[in-house]
Each structure stands twice: as structure tokens, then as C-alpha cells.
Amino acid sequence: MTGKIHHIPVAEVFDALNSRPEGLNGREIIERRNQIGANSLEVDRGLWWLESLVRQFTNFFTILLDISAAICFVADYIQPGEQMDLLGYALLGVSVLNALFSFFQEYRAERAMEELKKFLPQRVLAVRDGLEAEVPADSLVPGDVIIVREGDRVPADSRLCEARDLTLSNAPLTGESAPVLLTTDAASQQQTMTESRNLLFAGCSVVRGYGRAVVFATGYRSQFGRIAMLSHKIRRSISPLERETGRMVRILTIIAVAMGLVFFTYGVIAERSLWVNLVFMMGIIVANVPEGLLPTFTLSLAMGSVRMAKRNVLVKSLNAVEALGSVHVICTDKTGTLTRNRLTLATLAHPMSDSSDNMEWRDRLLGASIIASDLDETETGLSGDPLDVAVAEYLERETDDGLDKLHDLNSATIRRFPFDVAKRRAGGIAETSHSYRFCVKGAWESLQPLISHMVSADGDARNATPDLIAHAERTVATLASRGQRVIAVAERTTNRLAGTSATQEGLESDLTLIGFLGLEDPLRPEVPDAVAKCHTAGIDVVMITGDHPETAEAIARQAGMIPKDALPGAMIITGSELGTLSEPELIERTTRGISVFARTTPEQKMKIVNAFEARGKVVAVTGDGVNDAPALKAANVGIAMGKDGTDVAREAAQVILLDDNFASIVAGIEEGRTIYANIRKFTNYVLVSNGPEIIPYLLYMLFPVPLALTVVQILSIDLCTDIVPSMALGQEKPDPTIMRQPPRNRRQGLMNLPLILHSYGFLGLIEAAFSLSLFFWVLYSGGWAWGVELASDDPLYRSATGIALASIVLMQIGNLFGRRSRYGLGIDPDAFRNPLIIAGITIEIVLSWAILYAPPINGILGTAPVDANIYLTAWLGVPLIFGLDYIRKRIAHRFMT
């Protein structure tokens with residue numbers, strides 16, 4: 001019956017729901033609650049947090065670090081005193097911190113469900129056994145009779161059986177800003193539930209009036225509950241960065257484990273000791289996996305989120321920082337995002353003239369509009385229907401002594417006729433010095449048959465001839481095409497008014513049309529420029545709204561989302577049409593440049609988002625209401641309004657616009673693109689040092705030479721010296737052309753073949769060759785001969801490993817400058833305005849010296865001093881790697897451009 005409850009007459013409502021005007025009794029309530037359940041959004045989710053925690057501790061990267069730590073502890077047990085236990089604890093610490101961070105990010109996202117539950121009221125006034133009483137909202141069952149008044153929030157979907165001037169805001173559910181005046185009359189067979197004016201929906205609020213209704217759907221059976229269930233079932237798709245970092249970790253893990261196992265097997269065949277084989281396998285794994293890279297990702301994204309917050313873009317999920325820069329399509333709602341979410345009187349239109357400058361006529365039109373309004377002047381401002389408030393605010397703002405005029409008009413109004421849904425008009429009677437003035441305002445279609453005269457340009461009344469009526473209709477069509485809500489205003493003056501006993505029907509004839517009011521929810525002034533920037537950046541902007549198609553199209557044209565030469569309706573799909581399209585058909589339609597989806601439901605909004613994602617697009621969705629929560633959660637990037645948005649929307653989203661400004665999204669996209677470009681820079685930077693870390697182990701296994709770098713020394717590069725310079729690259733300023741480039745292809749991985757070849761096959765080989773040359777220089781100058789084994793505590797060996805490590809650290813300075821620019825020099829004034837670059841270089845210089853000459857560091861890393869001339873020679877590695885890389889850049893630039 002719930003599907004047709006709005007179609008039946010009010011006299012049949014109680015029978016349809018097995019209820020009575022005096023409400024249910026206690027036995028009936030218990031039986032129905034046992035059968036249907038509580039009116040709540042509780043879900044038994046079990047130990048979901050434990051499942052999430054286990055998942056974080058069983059991903060590729062975490063397992064690899066844990067296995068590496070276990071190997072370190074085994075190695076320490078076999079041969080104590082080599083500090084392998086400290087290495088194991090360090091690796092275990094990195095593993096735990098990364099897993100816990102990921103868990104807390106997911107835990108925060110799950111709060112959306114809690115916010116949905118908070119949106120429903122805790123208690124409600126109900127009628128049971130003929131008595132009115134406050135009862136817990138979760139105790140309501142179908143058939144319960146409830147009473148709602150101004151300021152109440154509806155606890156369950158209900159069918160009205162009594163209403164007095166009852167106005168409801170359905171904005172949280174439908175996204176439409178205009179409150180709805182409700183009636184008990186049955187809806188037409190063509191009207192859907194959300195279009196019906198005789199239903200109260202859970203989660204919506206009463207603007208004014210009184211109503212008595214019968215509950216027909218509770219909990220997850222309500223419209224609000226369906227949205228809650230959608231939000232609960234949806235699992236957010238992984239961001240592009242998550243996908244690409246996961247791919248990179250898998251590649252590095254496979255390489256590391258494969259190399260480790262191959263050479264462990266080789267060592268066993270070559271009859272090397274178990275200790276040597278374990279150390280070697282450990283070294284290969286640690287050398288291949290940049291342990292500091294993922295923590296650097298986190299720090300870089302966190303600092304990027306701080307920069308975004310300064311531009312009014314608050315990021316809740318760090319991966320959304322970069323995902324925002326990957327966006328191909330922005331699916332935005334209309335009300336509150338593109339528009340101000342505030343009804344404003346935009347146009348006063350004369351019925352017979354194209355000019356509206358006549359001040360006497362304007363005062364007459366506005367005065368009649370106020371008389372036909374129902375306004376209350378309170379200490380906090382005006383209270384009433386938003387349309388009436390908009391007219392009053394215009395009168396105050398745009399006319400001389402507007403506040404006094406408003407007060408006088410309200411005082412003179414002796415009787416009001418509230419807005420009638422069936423008649424689609426409202427009226428009022430004001431007393432003047434010699435007569436009574438009856439004024440009426442409403443839809444042109446409802447007033448037009450009652451019009452006999454029109455006000456001329458000079459203020460006289462002219463007969464409403466067919467030509468004048470046609471001119472008025474053209475005026476109405478013009479205002480409507482701009483997306484404005486058109487209200488006609490007429491009046492009648494009479495001396496024969498029988499005081500307050502006159503009926504509205506008796507007065508509504510022989511009316512004189514004064515003019516038209518054009519009201520709108522105005523477009524934010526910065527939106528057209530922001531949309532144009534999106535188009536320049538190759539980003540499509542699509543509107544998804546529950547509003548009327550004509551209004552949506554007008555706003556889309558003003559915003560620049562629809563080309564000026566596009567035919568009316570050519571780039572719009574309505575909800576009814578959308579319901580007939582299969583997913584492949586919808587995907588095909590989106591390729592044609594559809595810019596507006598109007599009259600959509602929450603499920604349809606998700607369907608649209610899924611269609612774009614099926615085309616391989618990264619989709620951002622904006623929203624502010626409860627109805628937007630499922631799509632916000634389903635999108636690659638959910639963006640909620642911070643000022644006027646609901647808590648539900650903010651909790652479901654990853655990004656919050658602090659100023660509710662669509663233009664801030666563009667700033668966020670620019671930051672996101674910059675962050676991704678910077679991530680590629682520091683990924684390239686970090687992977688370069690893997691080359692000189694891996695090659696010493698290969699030489700150690702294949703030839704009778706000492707190991708040039710120990711595992712602890714490798715970890716000191718990955719977790720100490722590389723992190724601050726990497727963070728510095730993560731703070732680089734945006735490229736001036738970054739918003740003139742199209743979104744990157746999703747197939748373009750973070751770690752692709754060119755980056756691998758450049759990191760390992762070019763710069764990595766240069767660092768390895770130079771550091772190993774210094775390593776063997778120290779060995780040979782100290783009297784070492786080929787094939788002679790050296791103990792780990794031998795001073796000569798410690799000096800040789802020390803200079804190898806110090807030279808790698810120094811060469812990373814040249815690598816740092818080289819990564820700042822793809823084809824340029826990389827050394828410019830901006831480099832020295834980045835404090836982290838200065839800090840990173842300082843750390844690398846100080847550590848390169850401390851590795852060799854600071855006794856405490858010598859003890860930790862197993863190093864020893866070298867002659868000063870050898871250390872100074874190590875400095876030649878800086879211009880060497882920088883210069884060779886710059887030559888490569890110039891050659892690449894010539895062939896790539």
C-alpha cells in the first residue's frame with residue numbers, strides 16, 4: 001500500500017493503514033514493532049573494525065616489512081652483536097605505523113552512518129489510545145498518528161490527514177530549496193511520492209503550520225532510510241594514488257623477493273654460510289624497498305592538505321588530496337553550490353511595457369505583493385515563506401524608507417488569505433483612507449482568467465485585450481527562460497467591501513494586473529569563471545539536481561556549462577527519462593556532452609556517477625543534503641558544503657568546501673595536480689638511491705669483494721637522509737601551465753618504465769659507479785688485495801663503507817636539484833625560497849661529514865674516518881650527477897618537443 005498511499009483520498013487513509021484517528025493501542029504497537037522492527041537506522045555490523053584492522057596488517061607492503069623484520073631477528077639470533085635486532089625493530093615500527101594510519105582513515109569514514117542516525121528526532125508527539133503524548137521516535141510503527149508543528153523534524157514517512165498552513169522543507173531529501181505547502185488532498189496518478197504534497201518525509205523539517213499524519217513507513221523502509229542503506233552498502237572506490245602506490249609496492253616487492261630468493265639459493269649452492277645468505281637476502285629486500293617512501297607520501301599529502309585548507313578546501317582523507325587533481329568530471333548539484341541557496345527577487349516586470357523604471361509603479365507592485373504575503377516581524381528579522389521574505393527584503397533594500405513602508409503595509413493589512421495549493425495563489429486585504437485594497441499574487445496560469453484590466457505605463461488601467469494578454473505571456477516566458485520563478489501580482493479596489501466578512505472567491509474577479517515578480521536562487525558570481533577554468537583544464541562540469549529542468553538549464557547556461565548556441569533541452573536528461581535508460585545507454589548518452597540531469601533521485605545520482613566511472617573517468621561529486629550522501633560516498637572524490645551543508649553530507653564526503661564556493665574546487669584541483677607532479681618528482685628522487693644500494697650486494701655475491709654497504713647503512717639513507725629532501729620536492733610550487741593541461745590518463749602509472757629506467761638504469765648506475773670507485777680507492781690505498789675478506793669491525797672496511805655511504809648522500813644533492821624540473825636546470829631563486837630544500841641539503845651535508853668523522857655516528861653505522869682529500873673528492877659526485885642528468889634532459893627535450 002505504501003506505493004499508492006499518496007493517491008488515495010484522506011477518508012480512506014486510516015483504513016488503508018489499519019489505524020484510527022485516535023491512534024493505535026499498546027498491544028497493536030508491540031505487535032507491529034515485533035513484526036517490522038524499530039524506527040531506527042541501526043545495523044548489526046559485527047566486529048567491522050577488527051576486519052578493517054586485519055586488512056591493513058595484511059597488505060603487500062606491511063607483510064614485506066614484517067617478513068624483513070623477522071629475518072633480522074633470525075639473523076640476530078644466529079649472530080648476535082651485529083645490530084640486526086635494531087634493524088628489525090625499525091622495520092616493524094614502519095610497518096605498524098603505516099597500518100594504523102590506514103585503519104584510522106577508514107574508521108573516520110564510517111562515521112557517516114552515525115551522522116545519519118543523528119538526523120532523525122529523538123522524541124515525537126503522537127496520539128495513542130486517544131491521548132497525545134511525547135514518545136521515543138524509534139518506537140513509532142506504521143499506523144501511528146503523529147502531530148507536527150513549526151520547527152519539528154519529521155520522524156517517519158507519514159500521510160497527512162489534517163493540515164493547517166503546513167509548510168515543509170524537503171531540501172535534505174530532494175535538494176530543492178523552496179519549501180512545499182502541504183495539503184491532505186489525494187495526489188494525481190502521475191505524481192510520484194516525492195512530488196506529492198500530502199506526504200511528510202523522515203528527516204525533513206516543518207517550516208510553519210500544524211499537521212496530523214499517519215505513519216506508513218519507518219526505519220529503512222522510509223525514503224530517508226533507503227538513502228541511509230545506500231550509504232551503508234557503498235564502499236568508496238580506491239583513489240588513483242592508492243591504486244598506483246599499491247601497484248608500485250607490488251612491483252618493488254616482487255623484484256625484491258625474487259632477487260632475494262634467487263641469490264639466497266645461489267649462496268646455498270655456493271656453500272656460503274646461512275648467516276651470509278640471510279644478511280644478503282635481507283640487504284636485497286631492504287635495498288629494493290624504499291622504506292621512507294610511503295611515510296613521505298603521507299607527510300607530503302598532509303602538508304598539501306594544509307595548503308588546501310588555506311584555500312578553503314578541507315580534506316578529510318589524505319588520498320583525496322591527490323585524487324582531486326586527477327578529476328575528469330565534476331558532478332555538481334545546483335542549490336547551494338552553484339547558487340546561493342537563498343531566494344532573491346531579481347526582476348520587476350511591467351505587463352505592458354519593457355521598462356520597469358517607474359518608481360510609482362514599482363512601489364505599487366511591491367506594496368500589493370506585501371499585502372498578499374504572510375510575514376511576521378520578529379526581533380531576529382522577518383519570518384515567513386521564503387518568497388514573501390525575499391519580496392520584503394527587496395522593498396527594504398531598494399526603496400526609500402523601505403522598512404517604514406513594510407511596517408505600514410503590514411499594519412494596514414486587516415486580513416490574509418494563505419496560499420492555497422489548489423488555487424496556486426495567496427491574497428490579503430489592506431485598509432486605505434477611503435477604501436479597501438484587495439491584493440493577490442500567484443502563478444500566472446491561476447490569475448490570468450481573473451484579469452480584466454492591466455496597469456499601463458502611465459498608471460491607468462487598460463482593458464486586458466487578447467494582444468495585451470499575449471504580451472504578458474511573452475514576459476512570463478522570458479523570465480522563466482532565465483530560470484526565474486514567475487509570480488503575477490494583481491489587485492482590486494472597492495468601497496463596497498463588507499469588512500472582514502468578504503470571501504476570497506467573492507473578491508477574485510475583475511482584477512487589475514500590476515506586474516510580475518521574477519524570483520531566483522541566484523548564481524554565485526564566481527561560478528562562470530570557475531567553470532571556464534575547468535573546461536580549459538579538460539574537466540567536464542555536469543549538474544545533477546532535483547530541480548525543474550527549465551530552471552536547471554537556465555542556471556547551467558548562466559554558468560557556462562551549456563554553450564550559448566546549444567538548442568533548448570538538447571543537453572538535458574530528466575529523472576523520468578533516466579529511469580528508462582539502461583547502464584550502457586546512459587554511458588553512451590554521457591559521451592554526447594550531456595550537461596544537466598534534472599528531477600533526479602539519490603539512486604539516479606549514483607547511477608550517473610557510476611556511468612562516468614565506467615568510462616574510466618575520475619569523478620568528483622558535490623552535495624550538501626542527506627540525499628547527496630550515497631553519491632558523495634560512491635564517487636572517487638566526494639565534496640560537501642561546509643557552511644550550509646548537512647552533517648550527513650560532510651561525514652560522507654572526503655573534501656569539504658569551507659566557503660561553499662564552487663570556485664574553491666578549482667583551487668583544490670590545481671593543488672591536487674601539483675601534488676601528483678611533486679609525488680612523481682620525489683618518487684624518482686628516492687628510487688635513484690636504490691641503484692647504489694642494490695649493486696654492492698650483487699657484487700658481493702658474484703665476486704670475492706667486501707660488501708660496500710651494510711643493511712643498517714641502507715636504512716639510514718631510506719629513513720633519514722632521503723625523507724626531508726623528498727618532502728621539499730613535495731612542497732614545490734604549481735607549474736604555471738598546470739591548469740592548461742588535460743587530466744592525466746588513469747593508465748599513466750606512478751612508477752612507469754621511463755621512471756624506472758631513469759632511476760635505476762641511469763642515475764642509479766652513476767651513483768653506484770662513483771660510490772664504488774671511492775669504496776675501492778680506500779680499500780686499495782689501505783693495502784687490501786682482491787679476494788681478501790675483511791671483518792666488519794676492521795678499520796679499513798669501516799672507512800671504505802663510510803666513504804661509499806657519504807658519497808651517495810652527497811650525490812643526492814645533485815639529484816635533488818635535478819628533480820625540480822623535467823627539462824630545465826632546476827637551480828633558480830625559487831629553490832632557495834623553499835625552506836625544506838635548504839634543510840634537506842644541510843642535513844645531507846652534515847650527515848655526509850658525520851658518517852665519517854662523528855664517533856657516535858661511526859658506532860651506529862659501522863663507519864670510520866678517511867683522508868680529507870678523499871672526502872673532498874666525494875663532493876665531485878654532486879656536479880657529476882647533476883651535469884650528466886642535465887645533458888640527458890636537453891637531449892630528451894629536443895626529441896620530445
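Which residues does Ile 717 touch, not counting residues up to four places away in sequence? They are Ser 689, Glu 693, Asp 722, Leu 805 and Ile 808, where contact means heavy atoms within 4.5 Å. The model is predicted, so local features need pLDDT of at least 70 and side-chain atom pairs count only at pLDDT 80 or more, while totals for chains, interfaces and linings use all residues. Residues are numbered from 1 along each chain as its sequence is written, and side-chain values use heavy atoms, with hydrogens and water left out.

The protein contains 35 helices and 25 strands. These elements are DSSP runs numbered from the N terminus, helices being H or I with at least four residues and strands being E with at least two. Of its 897 residues, 55% count as buried; buried means under 20% relative accessible area, exposed means over 50%, and partly exposed lies in between, for a 1.4 Å probe and protein chains only. Among contacts with a separation of 6 or more, 74% are made by residues 24 or more positions apart.

Ile 717 belongs to helix H28, which covers residues 711-721. Its relative accessibility is 1%, and therefore Ile 717 counts as buried. Val 686 stands 31 residues from Ile 717 along the chain, and the C-alpha atoms of the two are separated by 9.3 Å.

Glu 28 is part of helix H2, residues 26-36, and counts as buried because its relative accessibility is 13%. From C-alpha to C-alpha, Glu 28 is 9.7 Å from Asp 144, although 116 residues separate them in sequence. Val 135 is in strand E2, residues 131-136, and with a relative accessible area of 10% Val 135 is buried. Leu 125 is 10 residues from Val 135 in sequence and 6.4 Å away in space, C-alpha to C-alpha. When neighbours within four places in sequence are set aside, the contacts of Val 135 are Gln 122, Arg 123, Val 124, Ala 126, Arg 128 and Leu 140.

Loops also hold buried residues. His 328 is located between helix H12 (318-325) and strand E9 (329-332), and at 11% relative accessibility His 328 counts as buried. Its side chain reaches the backbone oxygen of Ser 326 at 3.3 Å.

The loop between helix H18 (504-507) and strand E19 (511-520) contains Glu 508. Here the relative accessibility is 7%, so Glu 508 counts as buried. The side chains of Glu 508 and Arg 425 are joined by a polar contact of 2.9 Å. Such a contact is a pair of N or O atoms within 3.5 Å; within protein, one must be able to donate a hydrogen and the other to accept it, and residues adjacent in sequence count only if both atoms are side-chain atoms. Apart from its neighbours within four places in sequence, Glu 508 is in contact with Lys 423, Arg 425, Phe 438, Val 440 and Leu 450.

Asp 510 is also found in the loop between H18 and E19. At 46% relative accessibility, Asp 510 counts as partly exposed. Most residues other than glycine have a negative phi. Asp 510, however, has a positive phi near 55°. Arg 599, in the loop between strand E22 (596-598) and H23, likewise has a positive phi near 55°. Its relative accessible area is 33%, so Arg 599 is partly exposed.

Helix H23 (residues 602-614) packs against helix H22 (residues 583-590) at an angle of about 70°, with the axes 9 Å apart. This makes H22 roughly perpendicular to H23, a term for angles of 65 to 115 degrees. On the H22 side, Glu 583, Leu 586, Ile 587 and Thr 590 meet Lys 607, Ile 608, Ala 611, Phe 612 and Ala 614 of H23.

Finally, the structure holds nine aromatic pairs; rings of Phe, Tyr and Trp (its six-membered ring) pair if their centres lie within 6.5 Å. The ring centres of Phe 775 and Phe 776 are 5.2 Å apart and the planes meet at 75°, so this pair is edge-to-face, a class for planes over 60 degrees apart. Both Phe 775 and Phe 776 are buried.

Definitions and conventions:
Axes are lines fitted to C-alpha atoms, for helices over the stretch in contact, and angles run from 0 to 180 degrees between N-to-C directions. Angles under 35 degrees count as roughly parallel, over 145 as roughly antiparallel, 65 to 115 as roughly perpendicular and the rest as oblique. Rings of Phe, Tyr and Trp (its six-membered ring) pair if their centres lie within 6.5 Å; planes under 30 degrees apart count as stacked, over 60 as edge-to-face and the rest as tilted.
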